[in-house]
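Walk me through this model in plain terms, please.

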Amino acid sequence: MRLGIQLGYSGEGFAADVDEVVEYEEAGAELVVVPEAYSFDAVSRLGFLAARTRRMGLASGVMQIYTRTPTLTAMTAAGIDYVSGGRFSLGLGASGPQVIEGFHGVRYDAPVARTRQIVEICRRVWRRETLIFEGGHYRIPLPGEYAKPLKLINHPVRPRIPVLLAAMGPRNVALAAEIAEGWQALWIDPRAAGRVFGDALADGLSRRDPALGPLDISVPVPFALREQGLDRHRAQLALYLGGMGARGRNFSNDLVRRYGYADAATRIQELYLSGRRAEAVAAVPEDLVAATSLVGPPDEIRRRLDALAGVGVTTLLVSPLAAERAERVKDVQTLSTLLATR
């Protein structure tokens, strides 16, 4: 199982976060993932990290498919791969209508079909094909006397940059298993993962091109090697279940319902959308908080790692929780050793 670092939506303190990532690299972390949502863009921060790190992989977690044209997405990925010396993986996701329509002012439609077409266009660009694409959602080039097919001027470091698709619903999970190098999960509860995701994964894998290699499954988890308060994780769960989407169109809420927390998901959303956020946080079930985190002494961590590996997780994206930086780095080093000796 690969060890990665999941960054937050950094603003203030990003330079210090990067200093810490450099120490995590020395401690054994193999990957750092940068989110985007409606915070600072992921690309500028990934470029900064590319200059400060030497070996670890870099990934977006995730760039939204609606906010860049497919060819700009391909160009951007090739650019980060170039400045990092071939260490970038393109994490893509559909986000949701609240962010795409509410913040970007772009219509949220056909996420599965658009994702499939964007991935195909990106791969053609990276192979430096003269780009001619006729799809249901993208037509390149557009008709007209001034438009002509073009290919990428530069030679990419790699003709195929790994694509990681963020997915929660069955159709998106199946698509990730079919066409992507990796699937970025949001939360995985090993006790229910087979029931919730098994059919979708099997469906996608049945159509997977063997040339893609095995599917990398990554999951973010808050992490500490001793008893640690999980207030921040509980608050994030409440935000995603209650506020990251409208009533009836919240993909995180839908996922937790499928995990078996339907009543709690309804209650959290009602509280959050009515402005009672502290009560929404308090309503997050303790069992859900524990199941989606990685906190405890080494023996407990080993047991949890075995459970995650048992449902196919191959990349662990940790957010270290210890209060002091030196302690967080030491914890990552210990976790790296635990993973290496499993």
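This is a predicted model: local features need pLDDT of at least 70, side-chain atom pairs count only at pLDDT 80 or more; totals for chains, interfaces and linings use all residues.

Biologist: Start with H1 and H2: at what angle do their axes cross?

Modeller: H1 covers residues 14–27 and H2 residues 42–52; helices (H or I, at least four residues) and strands (E, at least two) are DSSP runs numbered from the N terminus. Axes are lines fitted to C-alpha atoms, for helices over the stretch in contact, with angles from 0 to 180 degrees between N-to-C directions. The two axes come within 10 Å, and the crossing angle is roughly 40°.

Biologist: And what does that make H1 relative to H2?

Modeller: Under 35 degrees counts as roughly parallel, over 145 as roughly antiparallel, 65 to 115 as roughly perpendicular, and the rest as oblique. The axes cross at roughly 40°. That angle therefore makes H1, relative to H2, oblique.

Biologist: Is the crossing of H1 and H2 left-handed or right-handed?

Modeller: The near helix turned anticlockwise from the far one by less than a right angle gives a left-handed crossing, and clockwise a right-handed one. For H1 and H2 the crossing is right-handed.

Biologist: How many nonpolar residues sit in the contact of H1 with H2?

Modeller: Contact means heavy atoms within 4.5 Å, and on the H1 side Phe14, Val18, Asp19, Val21 and Val22 meet Arg45, Phe48, Leu49 and Arg52 of H2. Ala, Val, Leu, Ile, Met, Phe, Trp, Tyr, Cys and Pro count as nonpolar, Asp, Glu, Lys and Arg as charged, and the others, Gly among them, as polar. The contact has three charged residues, no polar ones, and a nonpolar count of six.

Biologist: Next pair: is H5 roughly parallel or roughly antiparallel to H6?

Modeller: H5 (residues 111–126) and H6 (residues 170–179) pack with axes 10 Å apart, at an angle of about 20°. That angle is why H5, relative to H6, is roughly parallel.

Biologist: How many charged residues are in the contact of H5 with H6?

Modeller: Val112, Thr115, Arg116, Val119 and Arg123 from H5 meet Arg171, Asn172, Leu175, Glu178 and Ile179 from H6. By class, that contact has four nonpolar and two polar residues, and the charged ones number four.

Biologist: H6 also packs on H7; how far apart are their axes?

Modeller: H7 runs over residues 193–205, and the packing angle with H6 is about 40°. H6 and H7 are therefore oblique to each other. The separation of their axes is 7 Å.

Biologist: Which residues of H7 make that contact?

Modeller: H6 passes H7 in a right-handed crossing. From H6 come Pro170, Val173, Ala174, Ala177 and Glu178, and from H7 come Phe197, Ala200, Leu201, Asp203, Gly204 and Leu205.

Biologist: On to voids: what volume does the largest cavity have?

Modeller: On a 1 Å grid over the protein atoms alone, a cavity is a set of points where a 1.4 Å probe fits but cannot get out, and lining residues have an atom within 4 Å of a point. Here the lining includes Thr115, Asn172 and Leu175, and E5 (88–93), E8 (163–166) and H6 each supply at least two residues of it. Grid points are joined across faces, edges and corners, and a volume is the space filled by probe spheres set on the points; for the largest cavity the value is about 60 Å³.

Biologist: How many charged residues line the second largest pocket?

Modeller: A pocket is an open set with protein on both sides within 12 Å along at least five of seven lines, and this one has a volume of about 290 Å³. Its lining has 16 residues, with Ala290, Ala291, Glu300, Arg303 and Arg304 nearest its centre. The lining divides into six nonpolar and two polar residues, with the charged ones numbering eight.

Notes
Residues are numbered from 1 along each chain as its sequence is written. Side-chain values use heavy atoms; hydrogens and water are left out.
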